[in-house]
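Open the model in your viewer and keep the selection panel handy.

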Amino acid sequence: CGGDDILFKPIEHAVLKAKALGFERIKAVHQKISLLETQRQQEEILAERILSGAIANSQCADQELLIWLNSASTFSGDVVFAEYRPNGDIYALLGDFPGHGLRAAIGAMPVAEIFRSMTRKGYSAEALLQQINRRLHRLLPTGMFLAATFVELSFQQRSIGVWNGGMPDLLIVDGVGDTLRQRVPASSIALGIQAQLDIHLTTLEWTVNDHILLFSDGILDAVNLAG
């Protein structure tokens, strides 16, 4: 069953007493750690509720998009934003901060603020991404950044604009034949690494049966027992 120590006969009472006192100290430390861990979990849950409310998507995410987000811990390093533009088009952004937990989610708040406000005001995708990049570059420490895939869905033009900064390939699948029609690999580094980025969207045709798939490396890392 496991043990913390061994006593040999004959027992020295002074040694027994010293060991018992040592175990009491270890028990007190474990109790304190357990209390701190409980407090940390409660604070994380509270912070997660506040963060989720602050970055919650608008109705277009439910009406036009299918989203699945499953975090490895209380906080996910992945974020999803979607919002209508004034002309009815949709901006969507899938982002991935490195790591897990609160540290990975700390940059989500300013990204949500910029994304939502600039999209609703009708700013161009390039201007929006430049602003997010500048804010994250000022805010985040070295080693923290936001890999992201950005999509502009134009219902009027039946086209999509795509920008991929350090994320897995965006896939366009023919919904009729379930065949891969197009693949858009990363063409830029992630947001927040450099103060200035040369951002240009790639314009692609979007037919009525197309499915557009965006995913983070969480999909690629989630290998089952069959490989």
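Colour the chain by burial to begin: in this predicted model, 37% of the 227 residues count as buried.

Six helices and eight strands make up the secondary structure, and from the N terminus they follow the order α-α-β-β-α-α-α-β-β-β-β-β-β-α. The chain is more spread out than a compact globule, because its radius of gyration is 25 Å, well over the 17 Å that the globule rule gives for 227 residues.

Time to go inside. Select Leu129, Phe150, Trp163 and Leu191: these have the most contacts within the largest nonpolar core, a set of 27 residues. Then highlight the elements that give two or more residues to this core: strand 1 (78–84), strand 2 (90–96), helix 4 (108–120), helix 5 (125–139) and strand 3 (147–154). Which of them gives the most? That is helix 4, with six residues.

Zoom in on Leu191 and show its surroundings. Leaving aside residues up to four places away in sequence, its contacts include Leu129, Ile132, Leu136, Phe145, Trp163 and Ile199. For the next stop, select Leu65, Ala82, Val162 and Trp206, which are among the 13 residues of a second, separate core.

Finally, colour by charge: there are 19 positive and 25 negative side chains, with the centres of the two sets 10 Å apart.

How values were computed:
Residues are numbered from 1 along each chain as its sequence is written. This is a predicted model: local features need pLDDT of at least 70, side-chain atom pairs count only at pLDDT 80 or more; totals for chains, interfaces and linings use all residues. Side-chain values use heavy atoms; hydrogens and water are left out. A nonpolar core is a set of buried Ala, Val, Leu, Ile, Met, Phe, Trp, Tyr and Cys residues joined through side-chain atoms within 4.5 Å. Buried means under 20% relative accessible area, exposed over 50%, partly exposed in between (1.4 Å probe, protein chains only). Helices (H or I, at least four residues) and strands (E, at least two) are DSSP runs, numbered from the N terminus. Contact means heavy atoms within 4.5 Å. The radius of gyration is taken over C-alpha atoms; the globule rule is 2.2 Å times the number of residues to the power 0.38. Lys and Arg count as positive and Asp and Glu as negative; His and the chain ends are not counted. The place of a charge is taken as NZ of Lys, CZ of Arg, CG of Asp or CD of Glu.
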